[in-house]
Amino acid sequence: MNVRAAAANALFQVVDKGHSLSHALPAAQKTIKPRDHALLQEICYGALRYLPRLESIANELMDKPLTGKKRVFHHLILVGIYQLSFMRIPSHAAVAETVEATKTLRGPSLSGLINAVLRSYLRDQEALDEKAVSHNAGKYGHPGWLLKLLQESYPQQWEQLIEANNSKAPMWLRVNRKHHTREQYLELLDSEAIEYTLHSEADDAIKLASPCDVTLLPGFSQGWVSVQDAAAQLSVNFLQPQDGELILDCCAAPGGKTAHILEHTENTEVVAIDCDVNRLDRVYDNLQRLQLRADVICGDARYPEEWWSGNKFDRILLDAPCSATGVIRRHPDIKWLRRATDIEALAELQSEIFDAMWRQLKVGGTLVYATCSITPQENCQQVSAFLQRTSDAQLIGSEVENPGRQILPGEEDMDGFYYAVLRKA
């Protein structure tokens, strides 16, 4: 398939059908040549970052919107505008390839319309761009509810958060210390002339100067290294797993934190639970590549009596289901798939899981509550409410007035993440 057609299909699946990009993109990749995968990803991610701006321009250039069976061609127009606005592809090539995609999408009669729209944009690009960013959605690339939430929650930092969300995410590696120290692995990167920088807190983390295919990383297939953001790697800093313990990784898929716990310990029994059987396949795949073993269980974290009858846990990492507002730079579709009402519903679910997991923790044990969110309702307010209703919970390492640690997107080039450490008295 023409890569622009594949991109239009993927955007249609996300924006109109409500599918996640992590579902739509792999499906689209199967329809094109492997050499075009990077281009497809760039177009899809970029178009979703700047969706309102592209929509505004398209609407200015068309007499009436494309609807029904023609709707995918609306997204093809967005694909064309994104290329002309943000990519280094020569304009004539971008237009020609986008028009050519109408044949693949079985709409050759629309080729004239799409050609006219894109050429009109080229003629009046400056004025159209200026008008597209004259309103908040086009200027900031965020839906109104999320923009308001960021402004209210982070009145001094919201613009930096917007900028971080609209940036391309770096590629962070986690060195498997079962095979190498970080310093030893750095020597392997040096030998391949792969440039990098290090993290000040995450002892296994390496940030690549430029993302690369994992097959180019020394020993990736042998499990020497994994791809994981530094903020997620900090989970072991807060959990502090010890040899020989019984540890639960709750809501564990895709398994990066499960593996990191195992890489840090010996003779440790780690139980990894998630309610999504399909996502658990990723856990199995990661454990197999890293040559690690955990007890992987499919179950609902709210009802542990249905899937666990063993001893209570020494430590629990509760990586709670959340809005994922801290990882928008990696998943720009989150901005358009989430709704303001989701936050309250998620906070209620988190509260249920929090209470259930606390009952599975032994006296003297440690629970780390974590999310990849930056909303106070899911994080500090969630922990404050838990402390108020739980008499045997002690907050560790932070003040009750402002519990936990909120990492914001872009902080030391990390994703947004939240951690709070609690001990059972």
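Residues 161–425 of this predicted model are 31% helix and 24% strand. UniProt, in an unreviewed entry, assigns residues 161–425 the feature "domain: SAM-dependent MTase RsmB/NOP-type".

**Aromatic pairs**
- The structure contains 10 aromatic pairs.
- Tyr369 and Tyr418 have ring centres 6.3 Å apart. Their planes meet at 70°, over the 60 degrees that marks edge-to-face, so the pair is edge-to-face.
- Tyr369 belongs to strand β9 (residues 361–371) and Tyr418 to strand β12 (residues 417–424). The pair therefore ties together parts that are 49 residues apart in sequence.
- Tyr369 has 0% relative accessibility and counts as buried. Tyr418, at 1%, counts as buried too. The cut-off for buried is under 20%.
- Ring pairs join Tyr369 and Tyr418 with Phe354, Trp358 and Phe386 in a cluster.

**Charge over a ring**
- Arg289 sits over the face of Phe220. The distance to the ring centre is 4.0 Å.

**Helix packing**
- Helix α5 (residues 71–86) packs with helix α6 (residues 91–104). The axes are 9 Å apart, at an angle of about 170°.
- Angles over 145 degrees count as roughly antiparallel, and α5 and α6 are therefore roughly antiparallel to each other.
- On the α5 side, Phe73, Leu76, Gly80, Gln83 and Leu84 make the contact.
- On the α6 side, the contact is made by Ser91, Ala94, Val95, Thr98, Ala101 and Thr102.

Conventions
Residues are numbered from 1 along each chain as its sequence is written. This is a predicted model: local features need pLDDT of at least 70, side-chain atom pairs count only at pLDDT 80 or more; totals for chains, interfaces and linings use all residues. Side-chain values use heavy atoms; hydrogens and water are left out. Rings of Phe, Tyr and Trp (its six-membered ring) pair if their centres lie within 6.5 Å; planes under 30 degrees apart count as stacked, over 60 as edge-to-face and the rest as tilted. Helices (H or I, at least four residues) and strands (E, at least two) are DSSP runs, numbered from the N terminus. Buried means under 20% relative accessible area, exposed over 50%, partly exposed in between (1.4 Å probe, protein chains only). A charge sits over a ring if NZ of Lys or CZ of Arg is within 6 Å of the ring centre and within 35 degrees of the ring normal. UniProt positions are given in the numbering used here, feature names are shortened, and annotations may be inferred rather than shown by experiment. Axes are lines fitted to C-alpha atoms, for helices over the stretch in contact, and angles run from 0 to 180 degrees between N-to-C directions. Angles under 35 degrees count as roughly parallel, over 145 as roughly antiparallel, 65 to 115 as roughly perpendicular and the rest as oblique. Contact means heavy atoms within 4.5 Å.
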